[in-house]
Amino acid sequence: MKPRFPFLRSLLLTTGSSLLAVSSASAQSWSGATDGDWLTTTNWTGGTEAGSTTSTDTDIAVFDVNTNNTIGINMATVAGNYYLGAIDNTNATARIIQNTEGTTGVLTLNGATVNGVANTIFRNSTATLMTIGNSASGTLGLALGNATTNVIQTTGTGGITINSIISGVGGITRQGGGSGVLTLAANNSYIGVTAINTGNVTVSHANALGATGLGNNSTIAVTGTPATGGQLTVNTGITTAENITLTGGGETGGQFNPAITGAGTISGDVTLSSMSTGVRLGGVTFAGKITRTGTARTIVFVAATVNNAIDNLNGGLTLY
């Protein structure tokens, strides 16, 4: 492990009786020269591993080589807690990040600027899958360390699957121009809005979208197709109580993929807000209330089940 010298990782400026802590962020590139152990310094170019046990760490772990692609953080070595800014996967090889020790550990992601996007915690720019989760021997939790927002980018065709439980405050923002799917698969408890600005988010656990209730809803930006707007997929057998608001200009024409799709159930309420045209909703069972606000628009249901009346039905309604 690298030496932990606070004066090398932060600068304390004294002004009168005030102290201002300025943390330095750096990008560390994985080489995998020795094995798949994150904490082995010889696995990182330059001999310094990304991240530390310092709670304000904002290092970026860059994975840009095809070497030792199943990577484990030995949480027993760091007393169960490790801190990092972001993980950036740029090499087109399937990659797994996990805890390799029996000690349950939490990786806190504080966010960093990646690909010009501030507050990023994960990016996958490749055509292959990046998976974050547990191993057979250890449980890895994720904590959101940025109370503003926590951005997850897919800028290629490869997705990101998170099997770890996500906790913390600040919510999650899904963005990036790639078609890779973000899959949230655990019993998440994070607090804040889940904003699906572009691309697909697939949920395979009832609580995958985090806490519910006031201030913990999900938003989906509807602007044409999932490639330019957002899409939520609720998998078979999953019932989510999340309240969901659809925003944006709506579809611009054609038979686009539904903004909400899958074969699960949404028991929370769905609100169509500030949408000048229409939206397609498909596959899922809508067990909660569907409400429109503002101007008239068309809702196109594709093989969907609607259990309740639609409030403010002042536009068209089409069933397929």
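**A buried salt bridge and its surroundings**

Asp88 is buried, as its relative accessible area is 7%. This residue forms a salt bridge with Arg123, and the closest N and O atoms of the pair are 2.9 Å apart. The model that shows this pair is a predicted one.

**The salt bridge**

- A search of the whole structure finds one salt bridge.
- Asp88 belongs to strand 7 (residues 86-89) and Arg123 to strand 11 (residues 117-124), so the pair ties together parts that lie 35 residues apart in sequence.
- Arg123 has a relative accessible area of 12% and is therefore buried, the cut-off being under 20%.

**Confidence in the model**

- The protein has a mean pLDDT of 87, and 83% of its residues reach 70 or more.
- Residues 1-23 have a pLDDT below 50, and in the model this stretch has 38 contacts beyond near neighbours in sequence.

**The protein as a whole**

- The protein contains one helix and 34 strands.
- Of its 320 residues, 50% count as buried.
- Among contacts between residues at least 6 apart in sequence, 58% join residues at least 24 apart.
- The accessible surface of the protein is about 12,300 Å², and 55% of this surface belongs to carbon and sulfur atoms.

- Four strands form an open sheet in the order 6-9-13-16, and their pairing is parallel.
- Strand 6 (81-84) and strand 16 (166-168) are the edge strands, each of which pairs on one side only.
- From one strand to the next, the twist averages 30 degrees.
- Strand 6 runs parallel to strand 9 (residues 105-109), and four bridges join the two.
- Within this pairing, Asn81 stands opposite Val106 in strand 9.

- Which residues cover the two faces of strand 12 (residues 130-133)? Met130 and Ile132 lie on one side, Thr131 and Gly133 lie on the other, and all are buried.
- Strand 8 (residues 95-99) pairs with strand 12 in the parallel sense over four bridges.
- Gln98 stands opposite Gly133 of strand 12.
- Strand 12 also pairs with strand 15 (residues 160-162), in the parallel sense and over three bridges.
- The bridge partner of Ile132 in strand 15 is Ile162.

- Most residues other than glycine have a negative phi.
- Asn115 is not a glycine, yet it has a positive phi of about 60 degrees.
- Where is Asn115 placed? Asn115 is in the loop between strand 10 (112-114) and strand 11.
- With a relative accessibility of 48%, Asn115 counts as partly exposed.
- Asn119 is another residue other than glycine with a positive phi, here near 65 degrees.

Conventions
Residues are numbered from 1 along each chain as its sequence is written. This is a predicted model: local features need pLDDT of at least 70, side-chain atom pairs count only at pLDDT 80 or more; totals for chains, interfaces and linings use all residues. Side-chain values use heavy atoms; hydrogens and water are left out. pLDDT is the predictor's confidence in each residue, from 0 to 100. Contact means heavy atoms within 4.5 Å. Two strands pair if DSSP finds at least two bridges between them. Axes are lines fitted to C-alpha atoms, for helices over the stretch in contact, and angles run from 0 to 180 degrees between N-to-C directions. Buried means under 20% relative accessible area, exposed over 50%, partly exposed in between (1.4 Å probe, protein chains only). Accessible areas come from the Shrake-Rupley method with a 1.4 Å probe; for residues, only the protein chains shown count as cover. A salt bridge is a side-chain nitrogen of Lys or Arg within 4 Å of a carboxyl oxygen of Asp or Glu.
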